[in-house]
Structure formats: C-alpha cells, structure tokens
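Look over the structure first, then read on.

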Amino acid sequence: MILYPAIDIRDGHAVRLVEGDYDRETVFDADPVDAALRFAEAGVHVLHVVDLDGAKAGEPVNLKTIRRIADAVPFPIQVGGGLRDADCVADVLRAGAEHVVIGTAAMRDPEFLAAMLKAHPGRIVVSVDARDGKVSLAGWTETSDVEAADAVADLTARGVERFLFTPIEVDGTLTGPGFEQLAKVAAATSASIIYSGGVGTLEDLVRLRAEAAPNVEGVIVGRALYEKRFTVDEAVAALT
C-alpha cells in the first residue's frame with residue numbers, strides 16, 4: 001500500500017482542517033513547498049495536494065503554488081480542488097500534476113467526466129467524499145442523498161478506474177479510519193481506491209494494510225505526519 005503525504009493549501013499556507021471545517025484550521029507550514037521538500041527528503045514517492053481555496057471557489061486558486069511544488073520534487077503529485085471544467089483540469093496538468101482529482105463535477109456533470117476520462121486517460125482520479133455515508137459536494141459544504149457505495153458503483157460503470165474515498169467525519173481527527181465505510185465502498189468497485197481520513201497511529205496503518213480490500217492501493221496521511229506521531233519511514237514500513 002502506497003503512502004500519500006497530504007499538502008492542503010489555503011491562503012498560500014499548508015494547513016489541515018478538522019472534519020472539512022474551514023473554521024477549524026491549523027497552519028503547519030507558511031510555504032507549502034517547505035512541506036513538499038521535507039516529505040521528499042524523507043523518501044516519499046508521491047504527494048497528494050489539495051487546493052482548499054479552489055474547492056470552495058469552484059476553480060483552482062493556488063496554481064502558482066502547485067507549480068512550485070511540482071518543480072521542487074522529483075516525483076509525481078496528484079492535485080484536487082475546484083476542478084469542475086476542462087480548462088481547470090488542463091491548467092492543473094500544465095502546472096505539473098501527474099494526476100488530477102475531480103469530485104463535485106464528476107457527480108453533477110456526466111458529460112464532463114466522460115470527456116476528461118477520454119482526454120486524459122489514466123490521469124483522472126474521482127473523489128468520493130462522504131458524511132455519514134452520503135456523498136458530499138462543493139468542497140464538503142453540501143451533502144447529497146446518494147450513498148457513497150452506490151456512487152462508486154455508478155462511476156465505475158462509467159469508466160472511472162481510480163477513486164479517492166474520504167469519510168469526512170474522521171478526516172483530520174486522528175481518531176482512526178472509517179473502516180466500515182471503506183469496506184462498503186471497496187466492495188462496490190473493482191477500480192483502485194486511495195483512502196483518506198482519520199489516520200492517527202501506526203496501528204491504523206497496519207490495520208488498513210491487513211483489512212482493506214486488495215483494490216485499496218494507497219492511503220493519504222496528513223495531520224499525523226505533521227504532528228510527528230510517526231515518521232515517513234515508520235509509515236512506509238507499516239504499509240509494506
């Protein structure tokens with residue numbers, strides 16, 4: 001299982017939110033590039049970057065910072081946040097992202113999703129974020145009536161090959177992953193899944209590796225790494 005350290009960008013800083021709440025923010029690095037370089041020096045091979053301002057605005061806001069991160073590290077980054085039209089996706093790819101993460105637009109605009117899957121094969125990740133099992137949209141500010149597992153099954157049928165799944169109620173809390181929700185989502189698809197949310201201990205990572213379905217290929221970790229609850233080396237060992 002692959003470790004994806006997270007860099008969430010808001011107002012130009014690397015931050016972490018609790019349960020997706022923009023009013024419950026902790027700034028960890030004044031410059032997100034510093035976080036990227038620190039992870040690179042620790043030996044990671046991929047980064048997960050989120051433009052939180054973009055997620056709220058509905059279009060990328062921190063493209064310059066994303067470009068600086070991509071230029072600073074010698075490995076791929078995947079980027080999400082506000083990618084709701086073809087120009088936004090193209091802009092982020094040009095900024096240096098290897099993969100782009102589409103969330104709200106994938107749910108609301110089937111034609112856009114189909115076009116992006118065709119235009120950028122192998123580079124599209126669809127984010128399915130859930131609050132109490134229901135799909136959340138618009139930077140986690142809206143909750144639908146659609147079950148996350150049902151959404152994943154439908155999106156798989158439409159050609160999605162890689163998902164990012166986050167149970168919002170545990171995100172940033174360090175209280176442990178949403179194992180039951182992850183199991184339901186993983187069972188609904190044969191596509192690859194990257195899990196995010198709630199990891200606080202090495203034991204959480206060991207349990208994910210042991211219990212997660214074979215199609216769960218990676219895990220995103222943010223706050224636990226920033227707060228030095230374990231090192232990158234320890235995390236990689238736990239997932240191996």
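## Helices at the pocket

α1 (32-42) and α10 (223-226) each give at least two residues to the lining of the largest pocket. Helices here are DSSP runs (H or I, at least four residues), numbered from the N terminus. α1 supplies the largest share of that lining, three residues.

This is a predicted model: local features need pLDDT of at least 70, side-chain atom pairs count only at pLDDT 80 or more, and totals for chains, interfaces and linings use all residues. Residues are numbered from 1 along each chain as its sequence is written, and side-chain values use heavy atoms, leaving out hydrogens and water.

## The lining

The lining residues are Asp29, Arg38, Phe39, Ala42, Leu225, Tyr226, Lys228, Phe230, Thr231 and Val232. A pocket is an open set of points on a 1 Å grid over the protein atoms alone, where a 1.4 Å probe fits, with protein on both sides within 12 Å along at least five of seven lines; lining residues have an atom within 4 Å of a point.

By class, the lining has six nonpolar, one polar and three charged residues. Asp, Glu, Lys and Arg count as charged; Ala, Val, Leu, Ile, Met, Phe, Trp, Tyr, Cys and Pro as nonpolar; the others, Gly among them, as polar.

## A helix pair

α9 (residues 202-211) packs against α11 (residues 232-239) at an angle of about 25°, with axes 8 Å apart. Axes are lines fitted to C-alpha atoms over the stretch in contact, and angles run from 0 to 180 degrees between N-to-C directions. Therefore α9 is roughly parallel to α11 (angles under 35 degrees).

Terms used
Parallel < 35°, antiparallel > 145°, perpendicular 65-115°, else oblique.
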